[in-house]
Amino acid sequence: MNFVYGFLYIFAAWKWGDWKNWRKYYPTILFFIIGDLLYHFLFYDYFPLWKFNPIPFDEKLGITGTHISLFIMFIKYPCTILLYLGNFPIERLKQFIYIGVWILIYTANELLTHSFGGIYHYNGWNEWWSVLFNCAMFSLLALHHYRPLITWILSFVFILFLWKVFGVPSSVFR
């Protein structure tokens, strides 16, 4: 399953991504990856909200949830940014629609993965929280490209919000 996703994202980025300006998007790619690495570092075993799991085909290949997470970070995220920011519209109404389309893509991706048992939700997380998270994520990714400092601050506020709502214990800081 992850190979199919990877192929689709790589193909789409190759076909429609803005490769010639990849350096322009590099800080946002790192921002995206750092956010996910931070989540995995803090919540790995103790209090995950979601966790990737290998489907039976993946297990036969020796693929673990960690492999899947790294694959997503280093294949899916850079391809997403090259596509997302490389084709970001200028007109405000089109920006809202464009962000909405990406929210739908990521939500559909997660729902399909969930239906195959490739991702599990824990501690009160569900698909609706994923939709909210995707709304925040794609808005912040667009903002990060233009205003990185403000985006880091807003991201921290959003993390605190989620921390409070889900009652994440301070013991995650082992």
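**Exercises on a predicted chain**

**Exercise 1.** State what share of the residues of the chain counts as buried.

Solution. The model is predicted. A residue is called buried when its relative accessible area is under 20%. By that cut-off, 45% of the 174 residues are buried. As for the surface, the chain exposes about 10400 Å².

**Exercise 2.** Decide whether the radius of gyration of the chain agrees with that of a compact globule.

Solution. Start from the length, 174 residues, for which a compact globule would have a radius of gyration near 16 Å. Then take the value for the chain, 16 Å. The chain therefore agrees with the globule estimate. Next, look at the extents: the C-alpha trace spans about 40 × 40 × 25 Å along its principal axes. Finally, turn to the contacts with a separation of 6 or more: 75% of them are between residues 24 or more positions apart.

**Exercise 3.** Give the order of helices and strands along the chain.

Solution. Count the elements: there are seven helices and two strands. Read along the sequence, they come in the order α-α-β-α-α-α-β-α-α.

**Exercise 4.** Find where confidence is lowest and where it is highest.

Solution. Helix H3 (residues 56–60) has the lowest confidence, with a mean of 84. Helix H6 (residues 127–146) has the highest, at 97.

**Exercise 5.** Compare the centres of the positive and negative side chains.

Solution. The chain carries 12 positive and 8 negative side chains. The centres of these two sets are 10 Å apart.

Note on methods:
Residues numbered from 1 in each chain as written. Predicted model: local features only at pLDDT ≥ 70, side-chain atom pairs only at ≥ 80, totals over all residues. Heavy atoms only, no water. Helix = DSSP H or I, 4+ residues; strand = E, 2+ residues; numbered from the N terminus. Rg over C-alpha atoms; globule rule 2.2 N^0.38 Å. Buried < 20%, exposed > 50% of the residue type's maximum accessible area, 1.4 Å probe, protein only. Contact = heavy atoms within 4.5 Å. Areas by Shrake-Rupley, 256 points an atom, 1.4 Å probe, with all protein chains shown as cover. Lys, Arg positive; Asp, Glu negative; His and termini not counted. Charge placed at Lys NZ, Arg CZ, Asp CG, Glu CD. pLDDT = per-residue confidence, 0-100.
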